[in-house]
Amino acid sequence: MSLGPAEVAKIAHLARLAIAESDVPAYARNLSSILELVARMDAVDTTGVEPLAHPLDMVQRLRADEVTEADRRDDFQSLAPQVEAGLYLVPRVIE
Amino acid sequence: MEWEAVIGLEIHTQLATKSKIFSGAPTAYGAEPNTQACAIDLGLPGVLPVVNAEAVRMAVMFGLAVDATIAPRSVFARKNYFYPDLPKGYQISQYELPVVAHGRLDITLADGSHKRIGITRAHLEEDAGKSLHEDFHGMTGVDLNRAGTPLLEIVSEPDLRSAQEAVAYMKKVHQIVVYLGICDGNLQEGSFRCDANVSVRRKGATAFGTRAEIKNINSFRFVERAIEHEIERQVELLEGGGQVVQETRLYDPDRDETRPMRSKEEANDYRYFPDPDLLPLELDAACVAAARAALPELPDARRARFVEAFGLSPQDAEALTASRPFADYFEALVAAVGGDAKLCANWMMGEFAAALNRAGLDVTASPLGPARLAGVLQRLRDGTLSGKLAKEVFDAVWAGEGDADAVIAARGLRQITDSGAIEAIVAEVIAAHPKQAEQYRAGQEKLFGFFVGQVMKASRGKANPQQVNDLLAARLKG
Amino acid sequence: MHHLTLAELAAGLAAGDFSSRELTETLLNRVQAHDGDLNSFITVCPERALAQADAADARRAAGRAGPLTGLPVAHKDIFCTRGLRTSAGSKMLDAFVAPYDATVVERLDAAGMVLLGKTNMDEFAMGSSNESSHYGPVRNPWDTATVPGGSSGGSAAALAARLVPAATGTDTGGSIRQPAALSGITGLKPTYGRVSRWGMIAYASSLDQGGPMARSAEDCALLLGAMAGFDPRDSTSAQVPVPDYAAALGGELAGLRIGLPREYFGAGLDADVARAVEAAIDEYRRLGATLVEVSLPSTELAIPAYYVIAPSEASSNLARFDGVRYGHRCAAPRDLHDLYTRSRGEGFGAEVKRRIMVGTYALSAGYYDAYYLKAQRIRRLIRDEFLRAFETVDVLMGPTSPSVAFGLGEKADDPIALYLADIYTVAVNLAGLPAISLPCGFKQGLPVGLQIIGRHFDEARLLAVAHRYQQVTDWHRRAPAGYA
């Protein structure tokens with residue numbers, strides 16, 4: 001499986017990563033070689049094998065419905081690049 | 001050419017938990033921006049979700065209420081996309097294995113007949129925050145208080161064939177979730193929202209047409225209008241030789257139109273996969289049985305019981321069971337009155353509903369409890385009050401002047417049933433209007449009403465109307 | 001006192017030979033003197049450390065000291081530390097001061113340990129050479145022209161250089177064990193779910209596991225006892241009791257059945273590394289263990305499966321870094337899309353971007369089944385092979401890494417070569433098993449690591465088996481020249 005510049009651009013867009021034009025060929029090369037490595041999986045027949053998402057066969061534990069978190073807006077917003085009136089600001093969103 | 005609409009609804013109900021679905025932050029509506037968004041809701045680095053038991057229990061209750069299958073094992077998945085109101089860059093939802101599947105409910109159509117609507121699935125997920133588009137120097141503000149509020153997304157089969165059916169279905173789901181106490185049902189605050197998938201096809205066709213998804217519909221009225229507009233738009237498009245494009249459209253209630261959503265223009269690739277921070281949700285039979293035991297009587301069953309036990313018409317029973325508190329009030333009223341459900345029903349749907357409506361109150365906020373209303377109805381039943389007087393007493397009791405007996409005593413409103421007293425008034429009235437009496441006897445029978453009016457006026461409305469009728473008739477023949 | 005192990009330092013503190021303040025000052029001075037060359041720390045916090053040391057001394061004076069009270073530790077900079085920068089080795093989080101502590105940090109704090117600082121690491125734990133850090137590569141104290149391994153390379157190098165007696169690491173595909181091997185120290189990757197992931201910045205959630213790094217198995221046992229345990233804030237945290245690891249260290253090896261996976265001694269393994277590992281296994285035989293050859297036929301599929309699963313999870317885990325609520329934000333974004341792409345493009349380094357793109361691709365429409373699901377199926381094959389092997393043996397042994405430390409920059413342009421070097425470690429993460437790496441020799445002055453893999457939640461046995469070896473050998477006591 002080999003990726004060309006157009007596919008790299010498409011993936012980068014989906015992942016919201018700005019990639020410099022000049023870096024695209026290197027990414028295309030690297031990603032292609034990773035996919036080649038990954039393609040070794042095809043060597044084994046996994047028909048009938050259930051996918052395993054977690055190594056241990058544990059099930060979800062449930063939390064009691066209780067409010068445990070206090071307001072820490074000031075703490076959290078001190079980390080933010082741009083806030084106003086308690087809101088996080090982003091460039092205008094058009095729906 | 002005849003067209004038929006094919007509609008499926010995705011209803012998002014906010015579950016009425018105290019804390020969020022994956023964090024211990026509060027879910028209360030209307031707080032200062034971002035004061036109810038904890039580290040987990042904000043998607044800070046290193047935080048992890050843990051599932052709220054109550055949200056799961058509520059989903060199970062809904063599933064049981066619509067005769068659905070409760071999945072013994074369901075899986076939380078991540079839906080990946082970037083948006084400012086989605087802090088983690090993914091929404092935790094359920095995808096391949098939802099907690100509820102294969103349900104159904106019956107809606108009542110305009111002609112009184114019922115139609116069964118399939119519920120494909122209902123799954124748990126987290127709500128997103130809100131983008132505020134007021135102008136912050138040309139920027140958008142993001143409030144993440146709502147992020148992580150538990151949602152149950154209820155997806156119908158494309159079984160609906162008109163905007164009216166869609167509204168009936170939406171109202172039915174609303175009624176059920178409010179009955180179950182799993183959603184506050186507040187459409188204005190966004191606790192109950194709806195997306196509609198709409199397509200049209202030629203009548204008789206079996207294949208579906210291309211559908212458009214309409215987002216952002218948050219009232220029953222808008223659902224009807226948005227769908228009607230969308231159907232019209234698609235029919236016009238097709239009749240003009242055009243094609244419907246599969247897209248997401250936004251309903252704009254101000255302009256009463258749907259338009260394509262800019263933010264959804266590019267085809268999304270959500271890259272769903274099982275959330276590795278969460279484990280499979282397993283619900284055993286005991287857990288489902290506990291939820292079943294906690295189920296309240298549901299609207300359909302209650303309606304049937306009202307018809308059966310109280311001898312009400314299906315229409316009355318439907319109106320009385322529209323909301324759980326209204327039906328509860330009715331049952332308490334019947335018990336307090338000691339029978340005569342029909343009278344209770346008429347008053348509930350008549351005077352009482354009108355008074356609530358005038359005051360803009362929900363039944364739960366009524367100044368008049370069932371016992372007080374029963375007091376009025378008891379005096380009506382035992383003949384103390386005429387219907388007219390009962391209305392006057394009701395208004396006074398509603399206004400807080402005391403219970404029925406206190407109002408009757410204070411205002412001297414006891415009905416006159418002593419036939420001697422009524423007869424005296426009747427005689428007086430006839431004597432005072434000899435000309436009309438003569439005309440009546442000459443055949444102008446419509447004058448009877450005039451005499452009734454005069455007698456009631458003279459008795460200040462207190463004379464028993466039936467006795468007035470009987471005595472007047474006898475005397476006038478005279 | 002810097003050459004003493006954690007256990008020895010604990011004894012010294014308990015005996016009153018020195019105070020925690022003296023110990024802390026000594027080590028802070030060592031960091032000051034040596035870390036300019038090694039770059040093993042991203043952040044050093046002397047004031048906080050001395051305050052904690054004084055508090056620990058006061059606690060001891062009050063008779064309330066625990067076994068770890070007053071002992072210095074360094075946390076990999078992937079564990080959130082309240083009030084202290086937590087960077088994950090990334091420009092993205094260069095200015096991120098965590099508003100909460102990771103559970104691991106909280107627990108070691110509560111035990112009275114003294115935090116010296118945060119150690120360098122591959123960016124977001126993606127790497128095995130510690131060259132992808134935004135803060136520059138870490139150098140291996142055994143030969144500063146070589147890498148210390150990664151991604152917990154800062155912790156490993158600081159331990160090897162005797163700058164700290166204890167450190168934390170995280171292991172997603174070998175990130176504790178491989179740097180432990182390449183830097184000549186002892187590191188344990190616990191069973192998945194044994195140590196809480198709360199506050200540990202996620203790389204690949206179903207594989208990540210925090211664990212202890214130290215200079216001996218005994219020290220790891222002490223640390224793990226304090227780190228491990230159920231945490232209600234982590235859904236994947238196991239509700240399995242924590243044994244007294246230190247108490248379980250005694251005991252002989254007679255009857256121990258050691259499995260030797262055929263696939264771990266095949267082509268690609270450096271001959272000198274093989275010799276050192278085989279010598280160690282021979283030592284175990286002499287100590288009374290039985291050796292059993294086993295087979296893990298899917299071993300070579302572990303790397304391809306890992307490089308689908310880990311990047312897939314990472315592509316989603318790292319989506320939160322969007323320049324909105326925290327982290328790097330690009331200057332003057334034109335619009336929302338520009339804000340996202342440039343903030344992320346500038347904030348992430350090349351290896352992180354590569355893995356995000358691989359994961360994005362593997363999960364995308366049309367490829368999910370062929371990549372992600374296929375990898376998860378292989379994951380089951382791998383786990384089940386391990387479980388079958390453990391029906392006949394108690395532990396598995398083999399090399400941690402196919403070679404010793406390589407030169408800085410040597411594999412920088414060849415991600416695949418780096419990935420392939422994870423051959424003996426990644427399968428363990430896919431299966432969620434515990435494994436320990438301990439020093440077992442040298443090749444031309446560079447350490448070789450022996451890996452011991454155990455059953456789920458069988459850390460006590462791994463530690464005991466490793467400890468027994470360290471009682472009869474002194475590889476773990478050797479210090480690099482200039483750092484003794």
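These legends accompany close-up views of a predicted model. In this predicted model, local features need pLDDT of at least 70 and side-chain atom pairs count only at pLDDT 80 or more, while totals for chains, interfaces and linings use all residues. Residues are numbered from 1 along each chain as its sequence is written, chains are lettered from A and ligands numbered from 1 in the order in which they are written, and side-chain values use heavy atoms, with hydrogens and water left out.

**View 1. The second largest pocket and its lining.** Here you can look into a space of about 940 Å³. A pocket is an open set of points on a 1 Å grid over the protein atoms alone, where a 1.4 Å probe fits and protein lies on both sides within 12 Å along at least five of seven lines; lining residues have an atom within 4 Å of a point. Grid points are joined across faces, edges and corners, and the volume is the space filled by probe spheres set on the points. Of the 44 lining residues, Glu96(B), Phe273(B), Pro274(B), Tyr368(C) and Leu373(C) lie nearest the centre. By class, the lining has 26 nonpolar residues (Ala, Val, Leu, Ile, Met, Phe, Trp, Tyr, Cys and Pro), 12 charged (Asp, Glu, Lys and Arg) and six polar (the others, Gly among them).

**View 2. Elements around the second largest pocket.** Helices (H or I, at least four residues) and strands (E, at least two) are DSSP runs, numbered from the N terminus. At least two lining residues each come from α1 (5-14) of chain A, β5 (76-80) and β16 (273-274) of chain B, and α12 (369-389) of chain C. The most come from α12(C), with five residues.

**View 3. A nine-strand open sheet in chain B.** Follow the order β3-β7-β8-β11-β1-β12-β13-β14-β15, with mixed pairing (two strands pair if DSSP finds at least two bridges between them). At the edges, β3 (69-70) and β15 (257-260) of chain B each have a single partner strand, so one side of each is left without a neighbour in the sheet. Strand β14 (residues 247-252) of chain B pairs with β15(B) in the antiparallel sense over four bridges, and Asp252(B) has Glu257(B) of β15(B) as its bridge partner.

View 4. Two bridges join β2(A) to β3 (residues 87-91) of chain A in the antiparallel sense, with Tyr88(A) in β3(A) as the bridge partner of Val83(A).
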